[in-house]
Amino acid sequence: MTYDYAAALFAAVLFAAAPLILAALGETISERAGVINLSMDGTVLLAAMAAFAVARASGNPWIGLVGGAGAGALVALVLAVFGLLLGASELAVGFVLTLFCRELAYFMGHGVARQPGPDLGSLSVPVMSDIPFVGPAVFGQSPVVLVSLAAVAAVWWLLMRTRPGLVLRAVGESPKAAASRGVTVKKVQFLCCLAGGALAGLAGGMYSLSVKPGWGHPQGCEGAGWIALAIVIFGGWKPVRVAFGALFFAAIQVAGIALQDALPGLSGALFQIAPFPVMIVTLLVVNLRRSTAFREAARRVPLLGHLMPKTAGGAPGAVVGALDRGF
Amino acid sequence: MTPRLGMLPRAGFALLAALGVTLLILVAAGAPPLSTLAVMLDGGLGSQAALLRTLAAFTPLLLCGAALCVTFAANLWNIGVEGQITLGAICCQGYLRAADPGGGLPAALDLALGLGFGALGGLAWALLSGVLRTHGRVHEIFSGLGLNFVAMGASLWLILGPWKRPGMASMSGTETLPAELWLPTLGGRPMSTVGPILAVAAFAAVAWLLRRTFFGLTLSAVRQNPLAATRLGLRPKARILAAMAICGALAGLAGAVLVAGLYHRLIPSISGNYGYTAILAVLLASGSLAALPLACLFFAVLTVGSIQLPLSLTLDSSLAGVIQGVLVLTLFAARRVWPGHGGGAK
């Protein structure tokens, strides 16, 4: 592999990962506060449509991006109103919303389907883009790469290093304990759900305005929201690990495209589904580590504990509770 | 689970609110609201051909709806139905393309075996999800979702790879099966009547299972209090696996019917969203067995009717899904306004 080819691959992976990173970060914020937003897939698609329509109407892709974030926040608002205020199961509402938003995106977007529209283009930060290897990939291509990397730093700092972040994590870990310390749990969850939806909306906008420019049926970002849900689990609900998870899955997809010639027809289909078996295995491994049988065995044979990969951390307490409640 | 009078204002409110939201969406999309609804209704019920197409959509919906009632009764979030349908279709196609219509077994037996293999395929796929839940503590939402995509990938791989048509791989599906291995059709119509009959029979069996048997009783005991059910020796894990197996078998049967009775070949995304739509139908019926066939029928009319939209009004056919989602969401809201009535699902 030549140096140029490697640099191009690296840039392609960063580019493909950008929206995945944002969507997964959005879900991380939401789940860290204890709200499972199953509507991700529909949200991303609806926001992609909204962002493209707004960008086309206004002629400015950046306004379009804001429109996408707004659409994502709106979907999250519906989820929050039904799940947190009306007391419906957030799993059920999220699932219905994901189907509803997908169909709504196709229906409302019919008018702008296969129409020309603006896109975010590329941006070259002077001096920085001259850094070898990393420069062109980060500072010399689509601005979504920079936005996504900045978002990772911002979300990590907000979640792990600030007081609001601490409150957010406390709410997700144990709503009851947080409430007894005087935190308005519902309010925190409401805001986090909205913020998470807005980030997912931003991800949708990145798809239709940069990564897969344009709108049509199919747009090309179908399934991205589900992959983001898988990545959150893979990343153990930790922002930086989640971002690495997104890069990992984007790398798998780019590899699929790169191998298209070697395995015609097959590679696309097979590499698209790769995140899902990995998600299941990750969950299995995480839960296995926690099982009493494994702990017993690891106590007797310490090597076992070292061999078993520490793939991910645990789910926030409220998320586990919500899954256990079921319907 | 008996329908009560108290449900009527709730249902009425949900319907009216859904109609209102739908009209709003239509106006926002710049579509003529009334003629759009008229086109959908006509497309779903307006002619004999339309009625047959509606029946063809109703069949997998009712099969999967009945299947989901079993897992709902055990409080399982089985969103893996889509993959279970796909596996059923793959296994049925796998058997039928290997079967020799000329010699060996009579065609009827081949077909029965094909349907059986379909059911087994769905069962295995659901059981995988169930075992991951009971023995691996992986929630069925994530395993089901993941397995849906894996099943879709597998069917694509088969269509473009090992089962591709001689000479060329095509997204239009595999080679069509010989006509002897189609489920019998009435007078050359595109769809077999065996499917709907199987669906109604399966629905009746599920209703009997849930309402009249000890097994049905234990499922609701497991749902309401898993700890107490364990103490009573009801073995929740075994019940969960059994519920998953029954659900998967019915969903697999739906996939097999789609192959043997409608498409006569394996096509990409053969499950056609029926697995997801059936979840909406069950949610709309609020877990009530009596309301489920109505909900499935209504959704089938919407789905088939919407196919006319691009032709008559240049609108996207996804309006059916929009209306289905709006209906279920308004029902959730209505439940808040009139809480505490009937309905199996919380």
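Modeller: Let's start with a word we'll need: contact means heavy atoms within 4.5 Å. This is a predicted model, where local features need pLDDT of at least 70, side-chain atom pairs count only at pLDDT 80 or more, and totals for chains, interfaces and linings use all residues. Residues are numbered from 1 along each chain as its sequence is written, chains are lettered from A and ligands numbered from 1 in the order in which they are written, and side-chain values use heavy atoms, leaving out hydrogens and water.

Biologist: Okay, which residues of H2(B) meet H12(B)?

Modeller: On the H2(B) side you'll find Val39(B), Met40(B), Gly43(B), Gly44(B) and Leu45(B), and they meet Val301(B), Leu302(B), Val304(B), Gly305(B) and Ser306(B) of H12(B). That contact splits into six nonpolar, four polar and no charged residues.

Biologist: What makes H2(B) roughly perpendicular to H12(B)?

Modeller: The angle does. H2 (residues 33–45) and H12 (residues 292–306) of chain B, both helices (DSSP runs of H or I, at least four residues), pack at about 105° with axes 7 Å apart. So they count as roughly perpendicular, a label for 65 to 115 degrees; under 35 is roughly parallel, over 145 roughly antiparallel and the rest oblique. The axes are lines fitted to C-alpha atoms over the stretch in contact, and angles run from 0 to 180 degrees between N-to-C directions.

Biologist: Then why is H12(B) called roughly antiparallel to H14(B)?

Modeller: H12(B) packs against H14 (residues 319–337) of chain B at about 150°, with the axes 8 Å apart. That angle makes the two helices roughly antiparallel. Among the residues that meet are Phe298(B) and Phe299(B) of H12(B) and Ile323(B) and Leu327(B) of H14(B). Six of the residues in this contact are nonpolar, three polar and none charged.

Biologist: How do you know how much area chain A and chain B bury?

Modeller: Buried area is the accessible area (1.4 Å probe) that two parts lose on being put together, summed over both. For chain A and chain B that comes to about 4,200 Å², 80% of it on carbon and sulfur atoms. In contact are 40 residues of chain A and 47 residues of chain B.

Biologist: Which helix gives the largest share of chain A's side?

Modeller: Helices supplying at least two residues each include H3 (61–85) and H4 (90–108) of chain A. The largest share, 14 residues, comes from H4(A).

Definitions and conventions: Ala, Val, Leu, Ile, Met, Phe, Trp, Tyr, Cys and Pro count as nonpolar, Asp, Glu, Lys and Arg as charged, and the others, Gly among them, as polar.
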